[in-house]
Amino acid sequence: MVGSLVWNRDVISVLDFSKEDFEVLFSEALSMERYAKSKLDILGDKVLALAFFEPSTRTRLSFETAMLRLGGRVIGFSGAEATSMAKGENLADTIRMLDAYANAIVIRHSLEGAAKFAAEVAESPVINAGDGSQNHPTQAMLDLYTIWREFKVIDGLSIGILGDLRYARVVNSLVQALSYYRVRLHLISPELLRPRQELVEFMNSRGGIRYDWTNDPYNVISDLDVLYVVRIQKERFPDPMEYERIKGAYKVNLKLIEGGKPNLIILHPLPRIDEIDFAVDNTPQARYFKQAGFGVPLRMALLRLVLGGGS
Ligand code: NCD
């Protein structure tokens, strides 16, 4: 365990953290793994508020599980319909209330910048669990943790990111987090889902990242250590017809991974729609369910660093 180190800060973007912070987080998460199915009673006096304005399964439940395993308690909601926002209350007032009740707030919202806004309103630490297409820092931390657990290093790896590079916030945060390491990045997507200009400019501004783009995973599969797959983000398309045209545009199947290195691993933040064939689940390369499982110790470590609690 990392002594009594406490961050006591917001978690809005991975860029608010350093590579050293990641190292502290990972070593803390490793020590939390043995408590992920039992209990470490260090946050017994703390309450965590979960404010989920958008759907979530893994992120919300792993935060909740993490808090319970640390002996703390959880309040909150999933979907604004059941809150006074349905009566017209604004986001700032809702956050002020949660701030008064809880020691930290985890927020997911469809609007970019919502978490940052909440952090400006709240005195308690605010953790961004996804805001629009912009950031999903705790997912990126989990993704990196999984890669680190599998390979023991991140520097030197060749990482392919396949899917909706335009709207997926997980891609944005993952690329930002990987910019702290010397990695080779292969971006793979249909033309329509190429990364947005901001992300391209970000990658160009960071010397560490060497990247290229292709629309065909077969072009790069033999070079990859990690294939990270993400679904098409249907709900973020301004024009539903555009989604209809592009859906089902890529699929990871046994034929594709046959062309990969023997130690290739496949990650996915989940939910999966149709972009990974079910047959892939039974291969040694499939690590996405293990990755989701690491969500509990990783978020236990994060909560401990943000909220403090015995060393
Ligand atoms: C991601 C999200 O919400 O951005 N889900 C998650 O937190 N595991 C990815 C997605 O929805 O595609």
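The chat below goes through the ligand site and the domains of a predicted model.

Biologist: Which residues are around the ligand?

Modeller: This is a predicted model. The residues around the ligand are Thr 59, Arg 108, His 136, Gln 139, Arg 169, Val 170, Arg 231, Gln 233, Pro 269, Leu 270 and Pro 271.

Biologist: How does that shell split by class?

Modeller: It has 4 nonpolar, 4 polar and 3 charged residues.

Biologist: What does Arg 169 do with its polar side-chain atoms, in terms of distance to the ligand?

Modeller: One of them lies 2.8 Å from a ligand oxygen. For Arg 108, a polar side-chain atom is 3.0 Å from an oxygen atom of the ligand.

Biologist: How much of the ligand's accessible area does the protein cover?

Modeller: 95% of the 320 Å² that the ligand has on its own.

Biologist: Which pocket is the ligand's space?

Modeller: The space taken by the ligand is the largest pocket.

Biologist: Switching to domains. Where are the bounds?

Modeller: Domain 1 is 14–135 + 294–306, and domain 2 is 137–292.

Biologist: How far apart are their centres?

Modeller: The C-alpha centres of domain 1 and domain 2 are 24 Å apart.

Biologist: How many residues does the contact take from each?

Modeller: 32 residues from domain 1 and 32 residues from domain 2.

Notes
Residues numbered from 1 in each chain as written. Predicted model: local features only at pLDDT ≥ 70, side-chain atom pairs only at ≥ 80, totals over all residues. Heavy atoms only, no water. Near = heavy atom within 4 Å. Polar contact = N/O pair within 3.5 Å; in protein donor to acceptor, adjacent residues only side chain to side chain. Areas by Shrake-Rupley, 256 points an atom, 1.4 Å probe, with all protein chains shown as cover. 1 Å grid on protein atoms, 1.4 Å probe; cavity = no way out; pocket = protein on both sides within 12 Å on 5 of 7 lines; lining within 4 Å. Sits in = over half its atoms within 2 Å of the grid points. Nonpolar A, V, L, I, M, F, W, Y, C, P; charged D, E, K, R; others polar. Domains from an automatic or database assignment. Contact = heavy atoms within 4.5 Å.
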